[in-house]
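Work through the exercises below on a two-chain interface. Try each task before reading its solution.

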Amino acid sequence: MDCEELVSLISGYMDDDIDELMKNMLEEHLRTCEKCTALLHTMEKTVCFSRETNRRRKVPEKLVRKVYYEIRIRYKK
Amino acid sequence: MGTNGELALVEKAKNGDIRAFEDLMKTTSGRIYNLGYRLLRNKEDAADIMQETYMTAYENLPRFKGNSSFSTWLYRIATNFALMKMRKEKGRKVPVARLKESEDSVREIEFPDWSDTPVNHLKNQELKAILDKEINALPPRYRSVFVLHDIEGFSIAKVAEILSISEAAVKTRSHRSRLYLREKLSEHFGSGGKRGLIPA
């Protein structure tokens, strides 16, 4: 496997969505290629940072009550 | 809540039991609100998405056939509303051609490995601002895939189901979004941008 092939498979590898043979070839390439190893690590860190900076927020209780109220007044028979 | 519990509540709600619908809201509103917030990146739009989603869901309950789970159906409604809002947004959007360029250029460049940057770097508001700005600049159909897959954590198959697109399209958009955002963070962390070179 060369660098170009690895780039096209890297997201599939991160998602564990490539077959075992490709996975082995990709890991073999990573063992000898610093550039692709750096690419993989920085891709993983990008996803990790994106999650960390988008932590769950608490839904405002007032908003939930507002939606309950809207549904009740609009649809109550 | 299990699928059976969810379905039982859906049936009751279909028969006019508003309390059953409120119970469904209780278990799903956190995720719907957060999905809206992450897609639109502000409280006002997240609140609008949540309200529109539940009003639409209640009105359309008779049409819900249970082919997908109730929560997947809600995510689909919420994402569709969010996509409509995203398409009206003003401000910078990265052209799709530029995302393809990130994919092509990564094959030719060298870059430093900044992946050992400590997590406390997250305290850096600058990093958050960069990510917010760049995620926001992704074209709607890319942003929706990135948020659903990489931030919400839905599988490729589930994202395809929510967005009614093929799994291949999800994979392509996810891959290009990740490469583009990685490139933008690389620019932040040093000379690792599109033209960055590892010092000899």
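Contact means heavy atoms within 4.5 Å. The model is predicted: local features need pLDDT of at least 70, side-chain atom pairs count only at pLDDT 80 or more, and totals for chains, interfaces and linings use all residues. Residues are numbered from 1 along each chain as its sequence is written, chains are lettered from A in the order in which they are written, and side-chain values use heavy atoms, without hydrogens and water.

**Exercise 1.** Size the interface of chain A and chain B.

Solution. 
- Count residues: chain A brings 41 and chain B brings 52.
- Take the buried area (accessible area, 1.4 Å probe, that two parts lose on being put together, summed over both). Chain A and chain B bury about 4600 Å² between them, with 64% on carbon and sulfur atoms.

**Exercise 2.** Find the salt bridges between chain A and chain B.

Solution. 
- Apply the criterion: a side-chain nitrogen of Lys or Arg within 4 Å of a carboxyl oxygen of Asp or Glu.
- The count is four.
- A:Asp15 pairs with B:Arg178, with the closest N and O atoms 2.8 Å apart.

**Exercise 3.** Describe how H3(A) meets H9(B).

Solution. 
- Locate the helices (DSSP runs of H or I, at least four residues, numbered from the N terminus).
- Classify: 65 to 115 degrees counts as roughly perpendicular, so H3(A) is roughly perpendicular to H9(B).
- List residues: the contact includes A:Phe49 of H3(A) and B:Arg178 of H9(B).

Methods. Axes fitted to C-alpha atoms, helices over the stretch in contact; angles between N-to-C directions. Helix = DSSP H or I, 4+ residues; strand = E, 2+ residues; numbered from the N terminus. Parallel < 35°, antiparallel > 145°, perpendicular 65-115°, else oblique.
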